[in-house]
Amino acid sequence: MMIKKNKLTSPLFREDADRKSVERKLRFLEKIRKHPTFSFAIFALVLVLMQVLSKAGLVSSSFVTAIGTTVIFCIVALGFCLLLGYSALASLGTAGFIGIGAYSAYYCLVEWDLSIGIAFIVAILAAFVIGIIVGYISLRIEGIYLAIVTLGVAQIIKEVLSAICDTIKIKGSQLTLFGVETMKLKTDHVFYILIAILFVLMVITQNLMNSPTGRAMLAMKNSTSAAQAFGISLLRYRLLAFIISIIYASVAGLLYMMYVRYVSNSSSTLFTLSTSLNILGAVIIGGTKSIWGTIGGTFIIYGIDKMFLQDIDFFRENPTLITLFCGILVVVVVMFYPGGLAQLVMELKYKLTKLSKKIREARYGKDLG
Amino acid sequence: MQQIFAYLQILVGVIPSMCAGILATFAVTLIFKTSYTTNFAQGVISAIGAYVAVEYALVHGYPLWATAIAGIVVAFLIGIVIDVFVFRNGRFVNVLGKQIITMGLISIFIGLIPFVFKLAHYESVPAMPFIRLTDGFRIGGDNGVFIQYNTILALGITLILLVAVFILLQKSKWGLSVRATASNETVAGMMGINTKVITAVSWGIAGAFGAVAAIIYIGNVTLASGYVMTTTQINAFLAGILGGFATFYGPIFGAVIIYLLNVVIGCVCIHVPILSNWKSAIVYLIVMLLVLWKPQGLFGKKMVKKV
């Protein structure tokens, strides 16, 4: 009893307690810093900053528009990353499902005069229903049939959509929050919504990847037989991954309609095979298993083109050059460097730390380094 | 009688695309069986064959039959090059990786086309039939069925090629090697078959068949872009699933069924015009239902895999 009292009153102990609490706080901060969500939040803030800078006139508005469009494709790519990297399935129907989302937005907001929330629900439900039908039929046979079947589905979706209504357009006055007339959404408001949704989806995807579901998918990717032996239902998890990926695509289509507000089927290539291939390329180039890789890959395929290359005449005159570049990268990455951009960054980081350690050792001697 | 002629006219109209579809189906099946991958670049490779044929006929003024042969040869060579330089080095890439490589190849070829062919910069390219588009004859009086000579030529070429290839597959040494490689590449290699050559030649033949298909096909439509063969290719893959990739003849029957379904739905659409937007969707749905009923395909066998 006495000892305890002594200890409490002793100045030494108080100092110790202070240090401990500071340490705890530091550790807490470190934990936050290390948490994946933190880096996502920083990324989102940087993107938001772009819009703010553009309002201040420091960044051109076309640059921000390019970022916004790229962010939409990032959302598609995130879903595709889950499908390709975690359950080893390839789909060529991405463009079709973007189309479903875009047309749901058009019909809900313009033709039926409903609110954005309902448009979201309709887009997700439509993707869900088609996904279950397509996925159930094709995945029951074998994984590699999914690409074939989705290729056909996308083509049919495009044909039907363009036959029903070739050009879809949303006017600014038709885009209101909660159906209130005064709360019109301008393009820059939609930009913030885009960033918010990207952030939320990044967090969801990250958690999903580290959840039992993600582990099950990963097991299935590495060996279907072993996964089955552990009681993982192939059909169930493959279907889940497929449906998640197309819901992402559908939501992205809806956001595209909210942001760009105009798609013409006959002139735009948004709903064609090339979009699906570009998304696939983005995910492959970035590294199929990493969220940051996927985002980076999308920025390479879409971002660089839209942000910088469109200003250079040579690239504007030869729009297929980026396609060619994307194709070559895909083949090279799959054959020689399956980890993609994410692995490249990791290796560079490792080499840099090694190099800096060596330099420090050379300068201060082995023990001090 | 008038009604029947209208139906027959739809059937005759579908025949050229059906021929193209059958040839493309055989090409897809051949690659599926020898390399165990679905070659998504099939369509764009055959489109390049068609580009060579049309470019040299239209821009440089050579006769179409000569440029068509040149196009077929080019597609054959592209097939071999892809196998030798990409797939032979990517032997240890898994099934999904192989699929993705073929998808990447689509992007490469689509990107290359505008740099190689002047035709890609044309506003519009006319359809390139072997014989002038208006030539043909009528059966059954003035309102009868109009048959173009092109259709007969397409049908003839397809039948000759199919019969030849199936006889070769069954009777020749090459056919035996292909069938052996298809059933098990490692064992076929052990038995002294040069599987590398067989695979490369299969890719070449698939490319050449695709080019023939494309040249037949562009007689009816115009060569708008490298994606011109996408519909045919989708039908070819569907035919493969419907007929089952286990045999060589199954997918061919699958292709015939799919195109005949198209004809039937087309006939129904005469009476119910609302459906015409949904035509391909209905065909697709029927095929999917058939696959749901028989997951291994109509002519398929249950494949047993060892772990």
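The dialogue below takes up the interface and then the salt bridges.

Tutor: Ground rules. This is a predicted model, where local features need pLDDT of at least 70, side-chain atom pairs count only at pLDDT 80 or more, and totals for chains, interfaces and linings use all residues. Residues are numbered from 1 along each chain as its sequence is written, chains are lettered from A in the order in which they are written, and side-chain values use heavy atoms, without hydrogens and water.

Student: How much area is buried between chain A and chain B?

Tutor: The size of an interface is often given as the accessible area lost when the parts come together. Buried area here is that loss, with a 1.4 Å probe, summed over both parts. Chain A and chain B bury about 3900 Å², and carbon and sulfur atoms give 80% of this. In chain A, the residues that lose the most area to chain B are A:Ile144, A:Ile148 and A:Met335, together 15% of what that side buries.

Student: How many salt bridges cross the interface of chain A and chain B?

Tutor: A salt bridge puts a side-chain nitrogen of Lys or Arg within 4 Å of a carboxyl oxygen of Asp or Glu. Between chain A and chain B the rule finds zero. Over all chains the structure holds three.

Student: Which residues do salt bridges join into one network?

Tutor: A:Asp188 pairs with A:Lys55 at 2.9 Å, N to O. Helix α8 holds A:Asp188 and helix α3 holds A:Lys55, so the pair ties together parts 133 residues apart in sequence. The network is another matter: shared partners join A:Glu30, A:Arg33 and A:Lys34. A:Glu30 meets A:Arg33 at 3.6 Å and A:Lys34 at 3.5 Å.

Key: Buried area = accessible area lost by both parts, 1.4 Å probe. Helix = DSSP H or I, 4+ residues; strand = E, 2+ residues; numbered from the N terminus.
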